[in-house]
Amino acid sequence: MTQDELFKVLVAHCKEYGFIFPSSEIYDGLAAVYDYGQMGVQLKNNIKNYWWEAMTRLHENIVGIDSAIFMHPRIWEASGHVGAFNDPLIDNKDSKKRYRADVLIEDYLGKIEEKIEKEVAKGKKKFGDAFDEAQFRATNPNVLREKAKWDEVHNRYVAAEKANDFAEYRQIIIDCNIVCPISGTCNWTEVRQFNLMFSTSMGSTADGANLIYLRPETAQGIFVNYLNVQKTGRMKIPFGIAQIGKAFRNEIVARQFIFRMREFEQMEMQFFIKPGTELDWFKKWKENRMKWHVNLGMGAENYRFHDHEKLAHYANAATDIEFNFPFGFKELEGIHSRTNFDLGNHQKFSGKKIEYFDPEENTSYTPYVIETSIGVDRMVLAVLSHSYTVEQLENGEERVVMKIPAPLAPIKVAVMPLVKKDGLPELAQKVVDELKYDFSYQYDEKDSIGKRYRRQDAIGTPFCVTVDHDSLNDGCVTVRDRDSMTQQRVKIEDLRAMIEKKVSLTNLLRNL
Ligand code: GAP
């Protein structure tokens, strides 16, 4: 199966097992908007809890807030979003389809990278153990040719990006013969800028309606509450404010399932610091956030930093944590050193003094900020795509299992009576009563035990507990492990502690 096909299978699996549904499906859906089902919402909540607790509980100098989605429209002028939150768009004149010019070029570069990796894989297969990858990459003519092509286009792209030269974007597209996937032609319009914010109006028109925006990031809700939190919480710099909430962007190229949505959720933390200390803090937050990801056990090799070559005018350092999604390494989280741009501008636009009095230095300043910003939905996609596994069993059957990190699994334990009689359902119910206060669970007595196991594998339940006839006499149950499929007899009174050890969020946090 190609990665593309595999991705389609994953999307279908997410729908079939209640993780993610297309929004408004009975009306044929709404592009780039999705609903979370009964499994998806629990996975998402577990991810949010992991982030929230890691931020606000493990750092005594970070507190959380929940600000409104609607904000004063001047905020978006101050933040620069009204003037500059744009995508460079290009239309194909034949198909009349619209694309992001930068995405067309990045996809082209991605295809060259794929070609190089295919060559390397071929070499690996051909030379076996004797394969020297570094030497192969440095000498193979096909790899060198593709690499030279990549370098040339990449250099032009980076220069155009730096200079905001959209005519050059178009020229790269034409020179590389990047065609519209629908019409197959290279008949492109000029590149134009398109603002990504959704707007609506507040108050009735007769009252003089106000144009307001649906927030495109949660961060501004933190900045405009900086003084409130600092004063009421008696916070001393350095300190952070964390927030989880919805954000909205009118994405034109909305694809790859929940990777790029028009309504999505962010987990953002702004860390307020003394000017001049920002590069130290930037380094610390890079390490901290990478540790948070790797701690989930999805493989350190599946993450990498991508330092920004082009910095926003207000930033003095920026990096992305990229994850190895089925469509390649892509941004999962951004970490930015935002200087005092946002607080400084809110001070200017609101006319309110936004400063911190440093009692140790006896001076006042506008704090600098390090921001960590991660999309909840991208995190859900990272977990789902990494967890989806198809295994060939010894009996020739296939097993589809979601190897979701146990503390994030939507359902932690399934309780099943072997048969629906002989007092087994009653005992199983007692087991449920023992576990339900600590763990999300499902009780299942329908179909063969094998089918029930498969259903739980498909939603990623770490433990299945089966109550059988022996249980009535010995007070033990069979516990089956999702990943190894091994089974062991465990006393009912020991179940809680055994499950807790593997699924507990507390243990996950302890490892940080
Ligand atoms: N406050 C900074 C900020 O919003 P960003 O890089 O635009 O920075 C941060 O967004 C994170 O939000 C991204 O790393 C990504 O995980 C998530 N994100 C951004 N746009 C998204 C979209 N359209 N759909 C889903 N997630 C998105």
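A: One aromatic cluster is formed by Phe7, Tyr34, Phe257, Phe259, Tyr303, Phe323, Phe325 and Phe327. The model is a predicted one, and every value below is computed from it.

In general, two numbers describe a pair of aromatic rings: how far apart the centres are and the angle between the planes. Counted by the rule used here, the structure has 21 aromatic pairs. In one of them, Phe7 with Phe327, the ring centres are 5.3 Å apart and the planes stand at 80°; an angle over 60 degrees counts as edge-to-face, so this pair is edge-to-face. Phe7 belongs to helix α1 (residues 3-16), while Phe327 sits in the loop between β12 (317-325) and β13 (328-337), so the pair ties together parts that lie 320 residues apart in sequence. Phe7 and Phe327 are both buried.

A pair with another geometry is Phe239 with Phe272. The centres of these two rings are 5.3 Å apart and the planes are at 40°, so the pair is tilted. This pair, too, links distant parts of the chain: Phe239 is in strand β9 (residues 239-248) and Phe272 is in strand β10 (residues 263-273), 33 residues apart. Phe239 has a relative accessibility of 0% and therefore counts as buried. Phe272 also counts as buried, because its relative accessibility is 0%.

Back to the cluster, where Phe257 is one of the members. Phe257 is located in the loop between β9 and β10. With a relative accessibility of 7%, Phe257 counts as buried, because the limit for buried is under 20%. The backbone of Phe257 has a positive phi of about 60°, although the residue is not a glycine. For background, most residues other than glycine have a negative phi, and most peptide bonds are trans.

Arg234 lies in the loop between α10 and β9, and its phi is near 50°, a positive value in a residue other than glycine. Arg234 is exposed, because its relative accessible area is 72% and exposed means over 50%. Pro238 has its place in the loop between α10 (226-232) and β9. The peptide bond from Ile237 to Pro238 is cis, with omega near 5°.

Arg378 is part of helix α13 (residues 376-387). Its contacts, leaving out residues up to four places away in sequence, are with Ile258, Phe259, Arg260, Phe325, Glu331 and Leu332. Phe259 and Phe325 are among the members of the aromatic cluster. The C-alpha atoms of Arg378 and Leu332 are separated by 6.1 Å, and the two residues are 46 residues apart along the chain. Arg378 has a relative accessible area of 15%, so this residue is buried.

Glu391 lies in strand β17 (residues 388-392). Its relative accessibility is 18%, so Glu391 counts as buried. Beyond the residues up to four places away in sequence, Glu391 touches Glu397, Glu398, Arg399, Val401, Lys403 and Met485. With Lys403 there is a polar contact of 2.7 Å, made between the two side chains. Gln220, in turn, lies in helix α9 (residues 219-223). Gln220 is buried, because its relative accessible area is 0%. Apart from neighbours within four places in sequence, Gln220 is in contact with Met71, Ile75, Trp76, Ser79, His81, Arg338, Asp342 and His346.

The largest share, five residues, comes from α5. By type, the lining of the second largest pocket divides into nine nonpolar residues, five charged residues and no polar ones.

How values were computed. Residues numbered from 1 in each chain as written. Predicted model: local features only at pLDDT ≥ 70, side-chain atom pairs only at ≥ 80, totals over all residues. Heavy atoms only, no water. Helix = DSSP H or I, 4+ residues; strand = E, 2+ residues; numbered from the N terminus. Nonpolar A, V, L, I, M, F, W, Y, C, P; charged D, E, K, R; others polar. Buried < 20%, exposed > 50% of the residue type's maximum accessible area, 1.4 Å probe, protein only. Polar contact = N/O pair within 3.5 Å; in protein donor to acceptor, adjacent residues only side chain to side chain. Contact = heavy atoms within 4.5 Å. Phe/Tyr/Trp six-rings, centres within 6.5 Å; stacked < 30°, edge-to-face > 60°.
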